[in-house]
Amino acid sequence: MSSATLAGLVGAALVGLGLYGVIADPQPLRKILAFNLIGSGVFLVFGIVARKGAAAGLSADPVPQAMVITGIVVAFAASALAVALTLRLFEETGRATLRPDAGTKPPGDGAVAE
Amino acid sequence: MSVLQALDVGLALLVFAVAAWTVFAPGPFAATVGYVVYGLLLSLVWIRLFAVDVALTEAAIGSGVTGVLLIGAAARLRGAETTPAEEALTGLTRLFAAGLCLLVAAALAAVVLLLPDQGPTLAPQSMERLPETGLGNPVTAVLIAFRSFDTMLEKVVLVLGVVGVWSLAADRYWGGAPGEARAERPEPTLAFFAQMLAPIGILVGVHVFWVGADEPGGAFQGGAILAAMWMIVMMARLTEAPQASAFWLRLALIAGPAVFLAAGVAGAVVAGGFFAYPPGLAKPLILFIETFMTFTIAVTLPMLVAGPPRREPRR
């Protein structure tokens with residue numbers, strides 16, 4: 001088995017692991033982590049498409065590579081927004097849970113004492 | 001089995017094990033630290049796929065900057081770590097979830113195994129037109145020339161990310177500064193570390209950006225390294241994050257996409273196509289755009305990590 005196929009299989013396994021984390025773990029931060037695992041698994045599967053497109057003296061097709069680079073940056077921006085939402089939720093309610101009926105603190109402006 | 005193959009299998013097992021740790025680790029903090037290790041291992045996998053540009057991006061942004069973001073969040077979420085019993089899934093649901101995930105992973109694995117040995121590729125076209133851009137690195141050429149609209153829009157996504165994060169500020173902190181204030185007496189070890197590392201890191205960041213035209217590297221990777229240096233200096237509390245209302249900061253955040261878009265529109269007038277570069281001027285123009293993009297990335301990433309404003313604005 002070539003190293004590219006092996007990396008692709010790792011990518012497939014990562015998507016499965018991440019999906020399980022997103023479904024099974026109720027904590028938002030853990031869900032964000034698991035979601036990033038899915039993302040990097042997808043990038044890896046795309047990476048072997050690049051590797052299999054090696055031609056014209058290149059060892060990998062540059063177009064999927066460029067798209068993965070763009071994807072990594074966009075995934076970071078999405079993670080940053082998700083983390084900010086989680087922290088704000090924690091400041092508002094004192095709990096970081098996605099359950100809509102979770103207990104809430106008396107409403108304030110959400111500011112934490114520094 | 002050759003040494004390289006054995007290394008590949010070992011690396012694959014290691015990546016899988018660390019990924020499993022981030023999903024099943026007992027606490028969020030342990031899981032997050034696992035994720036940073038995972039990102040670094042993953043960049044080794046990318047090197048084995050001969051995608052050095054992606055490996056650099058994964059190490060700098062996927063592992064490094066995302067790691068800082070997640071570890072900071074895990075530290076602030078202490079106290080909300082334990083899962084209340086009523087939120088935990090029952091054994092049966094977990095079993096169903098595991099079955100579903102196995103199915104998805106198996107389907108993807110089958111696709112990977114069934115891929116043709118020589119897939120469709122745009123590599124010949126990229127190499128054929130590469131001399132017209134004056135660049136030597138085909139990945140940079142794809143990013144800034146052949147698929148430049150994608151890259152410009154991705155910068156816009158980063159700006160939207162900052163807008164989204166800032167919108168989460170509490171009312172009285174609106175327009176204020178995120179993060180910690182500058183310390184009267186910074187912690188000596190951290191301050192020493194930041195003072196030693198930042199000048200070298202800035203040099204490395206600018207170098208990675210500059211060589212990106214011909215070698216692996218470029219605006220994303222260089223910008224991420226520069227961003228890390230600013231973050232280290234802010235973490236050591238030698239300096240503080242600027243106020244969200246600062247005019248220069250807002251200008252810096254949009255400089256990259258604005259210059260890129262302006263060049264694209266100018267191309268429509270001068271070179272006969274939206275985002276076309278005039279022949280002969282392509283390389284200087286690309287480097288000009290990349291300079292602003294690197295600067296914008298170096299400013300945007302720390303602002304995304306710093307989160308919404310948490311201090312009252314100074315008037």
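Residues are numbered from 1 along each chain as its sequence is written, and chains are lettered from A and ligands numbered from 1 in the order in which they are written. Because the model is predicted, local features need pLDDT of at least 70 and side-chain atom pairs count only at pLDDT 80 or more, while totals for chains, interfaces and linings use all residues.

**View 1. Chain B as a whole has eleven helices and zero strands.** Helices (H or I, at least four residues) and strands (E, at least two) are DSSP runs, numbered from the N terminus. Along its principal axes the C-alpha trace of chain B spans about 65 × 65 × 35 Å. Of the 315 residues, 43% count as buried; a residue is buried if 20 or more other C-beta atoms lie within 10 Å of its own, exposed if 12 or fewer, and partly exposed in between, with C-beta atoms placed from the backbone. Among contacts in chain B with a separation of 6 or more, 74% join residues 24 or more positions apart. Two residues are in contact if their C-beta atoms, placed from the backbone, lie within 7 Å.

**View 2. Domain 1 (1-78) and domain 2 (128-306) of chain B.** The bounds come from an automatic or database domain assignment. The C-alpha centres of the two domains lie 24 Å apart. Domain 1 puts ten residues into the contact and domain 2 puts in 13. On the domain 1 side, the residues divide into seven nonpolar, two polar and one charged. Here Ala, Val, Leu, Ile, Met, Phe, Trp, Tyr, Cys and Pro count as nonpolar, Asp, Glu, Lys and Arg as charged, and the others, Gly among them, as polar.

**View 3. The packing of α5(B) (residues 123-133) and α6(B) (residues 138-146).** The helices pack at an angle of about 70 degrees, with their axes 10 Å apart. That makes α5(B) roughly perpendicular to α6(B). Axes are lines fitted to C-alpha atoms, for helices over the stretch in contact, and angles run from 0 to 180 degrees between N-to-C directions. Angles under 35 degrees count as roughly parallel, over 145 as roughly antiparallel, 65 to 115 as roughly perpendicular and the rest as oblique. From α5(B), S126(B), M127(B), L130(B) and T133(B) meet P138(B), A141(B), V142(B), A145(B) and F146(B) of α6(B). By class, this contact has seven nonpolar, two polar and no charged residues.

**View 4. I144(B) in helix α6 of chain B.** I144(B) is buried, with 30 other C-beta atoms within 10 Å. Leaving aside neighbours within four places in sequence, I144(B) is in contact with T151(B), I286(B), I289(B) and E290(B). F275(B) is 131 residues from I144(B) in sequence and 9.5 Å away in space, C-alpha to C-alpha.

**View 5. Helix α9 (residues 219-235) of chain B.** At 1.5 Å a residue, the 17 residues of α9(B) should span 24 Å, and the end C-alpha atoms are 24 Å apart, which agrees. The expected span is 1.5 Å times one less than the number of residues. Of the 17 residues, 15 are buried, so α9(B) is largely enclosed by the rest of the structure. Just after α9(B), R237(B) takes a positive phi of about 60 degrees.

**View 6. The side of chain B that touches chain A.** In this contact, 84 residues of chain B meet 74 residues of chain A. Helix α3(B) gives the most to the chain B side, with 13 residues. By class, that side has 57 nonpolar, 14 polar and 13 charged residues.
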